[in-house]
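Visitor: I would like to learn how to read helix packing. Please take me through it.

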Amino acid sequence: MNSGKTVLSQLMMFRSDFQFQRCVDRYKGDFRVRRFTCNEHFLVMSFAQLTARESLRDIENSLTAFSSKLYHSGLRSATAKSTLAEANEKRNWRIYADYAQVLIKQARPLYADDPNFRLDIDNMVYALDSTTIDLCLSLFPWAKFRKTKGAVKMHTVLDLRGSIPIYVDITNANVHDVNILDTMPIEAGSYYIMDKGYTDFNRLYNKIHREQAFFVTRSKDNINFVTIEKQNVDSSTGVLDDVTIRLTGYYSARKYPAELRLVTYEDFTDAKVYHFLTNNFSLDSLTIAELYRERWKIELFFKWIKQHLRIKAFYGTSENAVNCQIWIAICTYLLAAIAKKKLGIPVSLYTFTQTPGLALFEKTNIKELFSGNNNLNNQSDYPFLPLWEN
């Protein structure tokens with residue numbers, strides 16, 4: 001029998017206890033708490049994520065079944081569903097949101113040379129988008145979205161090298177996507193790829209262009225402009241046009257007084273024509289089109305976490321409980337990404353997150369769990385999906 005740590009303990013070794021406790025102390029998470037600390041709360045909720053538990057009762061029963069092995073995983077005893085429910089309701093969700101930022105800083109350098117990023121660009125490249133998480137309005141009245149529907153929205157900035165989220169903001173679903181440009185951090189010299197829903201010329205100019213960063217987005221059909229200069233293009237690559245423009249609309253010209261670049265591209269696979277708007281004039285026109293193609297990774301990221309993490313069914317109904325669960329789910333995703341890379345396990349992230357869930361309380365080296373998975377080494381983290389999307 002392996003006398004080492006349990007699989008759950010091995011996974012948790014990749015987090016910094018010191019940094020986690022700093023987040024807890026910042027919000028006084030353990031103030032006057034005798035039992036079930038923030039650390040135990042995090043462990044139990046991570047366990048629920050990795051094993052896809054359906055409810056509080058399911059979590060309690062599963063932990064009770066492994067009562068004799070909990071101590072070696074950092075838990076003193078099986079957690080009663082009432083205790084977990086109270087923690088989800090009252091424990092400040094910002095503890096886990098702040099700790100997610102700590103894990104992001106750990107994960108990003110590990111994926112800086114991600115081979116799945118196909119473009120030869122040294123600058124950082126980010127995709128910006130949001131996904132709506134539906135909620136039952138009668139159970140979540142604070143999350144009113146439409147007349148009979150509740151929802152929250154998860155705004156995300158994704159590092160396209162390694163699919164690591166660098167910024168997440170959870171808001172009411174009524175908040176328009178473009179508002180995230182007001183709060184998200186902007187890095188000079190970086191590229192921000194987004195769909196046409198983020199076309200707000202005032203924000204694009206003041207929040208991105210003036211910060212010396214670049215954006216690539218789909219152009220709306222109704223913009224008014226005048227052509228300043230036209231570049232020669234190779235139509236065999238799919239690029240139909242590459243022009244420098246200046247906006248002429250009464251409001252748009254005042255909101256974005258600088259020149260823009262409009263690239264027209266035809267995707268030969270479906271004979272569909274796309275118009276890309278950017279403030280970058282140094283990259284070739286085909287690379288601009290390929291940059292937007294990479295944006296689809298954020299759609300795959302949303303699809304992945306909705307399928308494989310517990311962020312569609314919730315263990316509590318308050319706003320705090322929903323935020324706690326989503327942020328701990330993000331932390332679990334990041335911990336898995338860090339562990340996979342540091343352990344050098346060449347399987348997909350999906351395989352890596354699913355396999356340990358079957359043996360979290362076993363004293364087995366994590367690498368041994370994947371010793372027979374060499375046939376999975378070349379699998380993509382995501383299923384195949386179309387590369388272009390409106």
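Here is a short talk about helices and their contacts.

Guide: This is a predicted model, where local features need pLDDT of at least 70, side-chain atom pairs count only at pLDDT 80 or more, and totals for chains, interfaces and linings use all residues. Residues are numbered from 1 along each chain as its sequence is written, and side-chain values use heavy atoms, with hydrogens and water left out.

Visitor: Which residues are buried in helix H2?

Guide: Buried means under 20% relative accessible area (1.4 Å probe, protein chains only). In H2, residues 17-26, these are Phe20, Cys23 and Val24.

Visitor: At what angle do H6 and H11 pack?

Guide: Axes are lines fitted to C-alpha atoms, for helices over the stretch in contact, and angles run from 0 to 180 degrees between N-to-C directions. H6 (residues 94-110) and H11 (residues 319-343) pack at about 25°, with axes 9 Å apart. That makes H6 roughly parallel to H11 (angles under 35 degrees).

Visitor: What meets what in H6 and H11?

Guide: Contact means heavy atoms within 4.5 Å. Residues of H6, including Leu103 and Ile104, meet residues of H11, including Trp327 and Leu334. The contact residues divide into 16 nonpolar, one polar and two charged.

Definitions and conventions
Helices (H or I, at least four residues) and strands (E, at least two) are DSSP runs, numbered from the N terminus. Angles under 35 degrees count as roughly parallel, over 145 as roughly antiparallel, 65 to 115 as roughly perpendicular and the rest as oblique. Ala, Val, Leu, Ile, Met, Phe, Trp, Tyr, Cys and Pro count as nonpolar, Asp, Glu, Lys and Arg as charged, and the others, Gly among them, as polar. Buried means under 20% relative accessible area, exposed over 50%, partly exposed in between (1.4 Å probe, protein chains only).
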